[in-house]
Number of protein chains: 2
Amino acid sequence: MVRFPLPDPMRRALDLARIAAEWGEVPVGAVVVKGGAIIAEGHNRPRESHDPTAHAEIVAIRAAAAKLGNERLDGCDLYVTLEPCAMCAGAIAHARIARLYYGADDAKGGAVAHGARVFSQPTVHHRPEIYDGIGAGEAAALLRDFFAARR
Amino acid sequence: MVRFPLPDPMRRALDLARIAAEWGEVPVGAVVVKGGAIIAEGHNRPRESHDPTAHAEIVAIRAAAAKLGNERLDGCDLYVTLEPCAMCAGAIAHARIARLYYGADDAKGGAVAHGARVFSQPTVHHRPEIYDGIGAGEAAALLRDFFAARR
């Protein structure tokens, strides 16, 4: 079997997930890429920031929009270690993310391939290209270890 | 026909929607109520704040969580003039909002009674009590006038 190296943005998203775990937050990381460069990043931090919306994707998208001075992230891609939830999938659509790359599946909280399937709704106003499973093993292991340590 | 007066929090949400329109933002307003008092409010402002996540509900929920110093808004209710989208419905679930009161239906962007139907998914981790149609006529008129003026 040929093993392809992980793309650099997903490596960075996994590093951010590790930082989240060190903070005691569920380990999920995300980066926004434009023109081949990372322009914003974030990790899960709802507890520390007292903000139920502070998922990795939302933190990264808000930072990218602030940096670009535009609510629309045209031509930007998002890399995230876990399948986005309904909140984050909605934000990805509002931000007009061009391509979504995600790692591990989330059968319980995910809303891309599971549950609300936000991008599969005929009413969705923007649907990114979607690539799943990138770095999935590593992303899932981080989550598994995090929750195992808390039991 | 007996006409009931609008609850005060929805009156305030409608005022906030009017402020949004004055700013040139799609007129939607929201307030968070705890123990009978408004503890946080927000209106739609993605353009002005360069933030695709700055819907009325998200602005109000983030402000309430910051005020309470807790990512969970236990015992809090949310009043919003329009049916929440997938992003906002997800945030409402993460915030553990007890009761959701909304005004106008949104067949295109809504994700409570339409589209992704976030709270109807068996996987949803929290489902508020939901009351719709409160102040719907006034909320819909604000939106209609806003878009008519832009044509």
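The largest share of the lining of the largest pocket, five residues, comes from α5(B); helices (H or I, at least four residues) and strands (E, at least two) are DSSP runs, numbered from the N terminus. This is a predicted model, with local features needing pLDDT of at least 70, side-chain atom pairs counting only at pLDDT 80 or more, and totals for chains, interfaces and linings using all residues. Residues are numbered from 1 along each chain as its sequence is written, chains are lettered from A in the order in which they are written, and side-chain values use heavy atoms, leaving out hydrogens and water.

The largest pocket comes to about 1200 Å³. A pocket here is an open set of points on a 1 Å grid over the protein atoms alone, where a 1.4 Å probe fits, with protein on both sides within 12 Å along at least five of seven lines; lining residues have an atom within 4 Å of a point. Volume is the space filled by probe spheres set on the points, which are joined across faces, edges and corners. Among the 42 lining residues, His94(A), Val26(B), His55(B), Asp106(B) and Gly109(B) sit closest to the centre of the largest pocket. That lining splits into 20 nonpolar, ten polar and twelve charged residues, where Ala, Val, Leu, Ile, Met, Phe, Trp, Tyr, Cys and Pro count as nonpolar, Asp, Glu, Lys and Arg as charged, and the others, Gly among them, as polar.

The second largest pocket holds about 950 Å³. Its 36 lining residues include His55(A), Asp106(A), Gly109(A), His94(B) and His125(B), the closest to its centre. Here α4(B) gives the most, three residues.

As for cysteines, there are zero disulfides over all chains, a disulfide being a pair of cysteine sulfur atoms within 2.5 Å. Cys85(A) is in none, and the nearest cysteine sulfur, that of Cys88(A), is 3.9 Å away. Cys85(A) is also buried, at 9% relative accessible area (buried means under 20%, exposed over 50%, partly exposed in between; 1.4 Å probe, protein chains only). The sulfur of Cys76(B) is 17 Å from the closest one, in Cys88(B), too far for a bond, and Cys76(B) is buried at 0%.

Lys67(A), in helix α2 (residues 56-68) of chain A, is exposed at 59%. A polar atom of its side chain lies 3.1 Å from the backbone oxygen of Ile39(A). Lys67(A) and Ala40(A) are 27 residues apart in sequence, with 8.0 Å between their C-alpha atoms.

How values were computed. Polar contact = N/O pair within 3.5 Å; in protein donor to acceptor, adjacent residues only side chain to side chain.
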